[in-house]
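Here's a walk through one protein model, feature by feature. Keep the viewer open and follow along.

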Amino acid sequence: MLSSTPTPLIPTLTLFISFTLILFLFAPSLLPTTHHSSPPIPLSHELSDLSLFTRATKRAAAKSRLGTTNPNPKIAFLFLTNTDLYFSPLWELFFNNHSSLYNIYIHVDPTVKIKTPTGVFHGRVIKNLHRTYRGTATLISAARRLLATAVLDDSSNFYFALISQQCIPLHSFMFVYNALFRPNLDSISLDRVSFIEILSDESIMWDRYNARGKHVMVPEVPFDKFRVGSQFFVLTRRHSLMVLRDRKLWRKFKIPCVNVHSCYPEEHYFPTLLSMLDPKGCSSYTMTRVNWTDSVDGHPHTYYPPEVSAQLIFNLRESNSSYSYLFARKFSPDCLDKLLDLSRKIIFKD
């Protein structure tokens, strides 16, 4: 005869299944949000980058020994993006009629589908592409790939300007060109200055320094040598080669962070390296204007169409140095029409 008393197993199973379903459905909204760092950079990516950087530096050294002169020095514009090039029509106007004075190189995250670049951007996506993650050393690697590709491609590339897809020009091309190569083009010497922000007395420094763990950065990068700056810069060829030759600091900055909320390696590697190698050869300020007054989650202020005006352009150009700002970020894609209108009246009417 079967017992009518229920076994404890059935209600237990029922409770377990119910609890599992609740966790599955509601845990994402109940638990605190965490940010996970990317995995370490794969060895295969490291090796392909090393091969590229070595070829670039050897080619540059060979050109130097031959004493090759560059009668028309160029600016290499390095676009680093993981989206469409929103402002390509504006940049097209910027580059118009100056093809002998610039080159363009684009690094696109290969996991992201974007519209095929057209016009002056057509065919300018570089071959050495690897995935990029925000707040990781992959952004350093991408910038170095752009530098190496530009060094290999044209020995006339003298200045290397790293540009975001959300950057815009604040002046005409010739204004930018003359600002970088002044006072004259007859002596494009190796002691030209790079324009890269280098700061040493910021409240965030200690947290940023220890983002990979305490004492991880020593002995290669003692705290008093650690610097912060803008992700975007304008480097000379000489400093670009210093970046490509570096192995010592890279071993530290490529280490994944344990405190991802303080991890912005791309804002530290370049200013720290160049400050250690050639502090007098760097301006310590950037040519790209960024508004950090109301930053959100590490992102600077984004300008939207209602804010875009002639007065905004004038304000963004203003600088505390003897140089005007040449570029600005960041702008929402729907600002394009207003910026195109201003380009004809203000931006390119220096």
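His239 counts as buried, because its relative accessibility is 0%, well inside the cut-off of under 20%. Keep in mind that this is a predicted model. You'll find His239 in helix α7, which covers residues 237-245.

What does the side chain of His239 make a polar contact with? The partner is the side chain of Ser194, at 2.6 Å.

## Asn157, a buried polar residue

Next stop is strand β3, residues 157-164, where Asn157 sits. Asn157 has a relative accessible area of 0%, so it's buried.

Two polar contacts involve the side chain of Asn157. One joins it to the side chain of Asn103 at 2.9 Å, and another goes to the side chain of Tyr105 at 3.0 Å. Beyond four places in sequence, Asn157 touches Asn103 and Tyr105 along with Lys74, Ile75, Ala76, Ala150 and Arg237.

## The nonpolar cores

Zooming out, the protein has 350 residues, and buried ones make up 50% of them. There are 11 helices and 9 strands. If you take contacts between residues at least 6 apart in sequence, 82% of them join residues at least 24 apart.

In soluble globular proteins, nonpolar side chains tend to be buried together. Here, the largest nonpolar core has 50 residues, and the members that touch the most others are Phe77, Phe79, Trp91, Phe95, Leu180 and Phe331. Strands β1 (74-81), β2 (102-108), β3 and β9 (327-329) each give two or more residues to this core, as do helices α3 (88-95), α5 (173-181), α10 (310-317) and α11 (336-347). A second, separate core has 46 residues, among them Leu52, Ala60, Val243 and Tyr269.

Leaving out residues up to four places away in sequence, Phe77 touches Trp91, Phe94, Phe95, Tyr102, Asn103, Ile104, Tyr105, Ala161, Ile163, Phe173 and Phe327. Asn103 and Tyr105 are also the residues whose side chains make polar contacts with that of Asn157.

## Pocket and cavity

The largest pocket holds about 990 Å³ of space. It is lined by 41 residues, and Gln231, Phe232, Glu267, Trp292 and Arg329 are the closest to its centre. By class, the lining splits into 14 nonpolar, 18 polar and 9 charged residues. Both β1 and β8 (288-290) supply at least two lining residues, with β8 giving the most, at 3.

How many cavities of 30 Å³ or more are there? The count comes to 1, and about 40 Å³ of space lies in the largest cavity. Its lining consists of Phe79, Leu85, Tyr86, Phe87, Ser88, Trp91, Phe121, Ser164, Gln165 and Cys167. That makes 7 nonpolar and 3 polar residues, with no charged ones.

Most residues other than glycine have a negative phi, and most peptide bonds are trans. A few spots in this model go the other way.

Where are the cis bonds? One runs from Val218 to Pro219, with omega near 5°, and Pro219 lies in the loop between α6 (205-209) and β6 (234-236). Another joins Arg329 and Lys330, where omega is about 0°. Lys330 lies in the loop between β9 and α11, while Arg329 is one of the residues closest to the centre of the largest pocket.

As for phi, Asn97 isn't a glycine but has a positive value of about 70°. Asn97 lies in the loop between α3 and β2 and counts as exposed, because its relative accessibility is 70%. Ser284, not a glycine either, has a positive phi of about 75°. Ser284 belongs to strand β7, residues 282-284, and is partly exposed, with a relative accessible area of 31%.

Methods:
Residues numbered from 1 in each chain as written. Predicted model: local features only at pLDDT ≥ 70, side-chain atom pairs only at ≥ 80, totals over all residues. Heavy atoms only, no water. Helix = DSSP H or I, 4+ residues; strand = E, 2+ residues; numbered from the N terminus. Buried < 20%, exposed > 50% of the residue type's maximum accessible area, 1.4 Å probe, protein only. Polar contact = N/O pair within 3.5 Å; in protein donor to acceptor, adjacent residues only side chain to side chain. Contact = heavy atoms within 4.5 Å. Core = buried A, V, L, I, M, F, W, Y, C linked by side-chain atoms within 4.5 Å. 1 Å grid on protein atoms, 1.4 Å probe; cavity = no way out; pocket = protein on both sides within 12 Å on 5 of 7 lines; lining within 4 Å. Points joined across faces, edges and corners; volume = space filled by probe spheres on them. Nonpolar A, V, L, I, M, F, W, Y, C, P; charged D, E, K, R; others polar.
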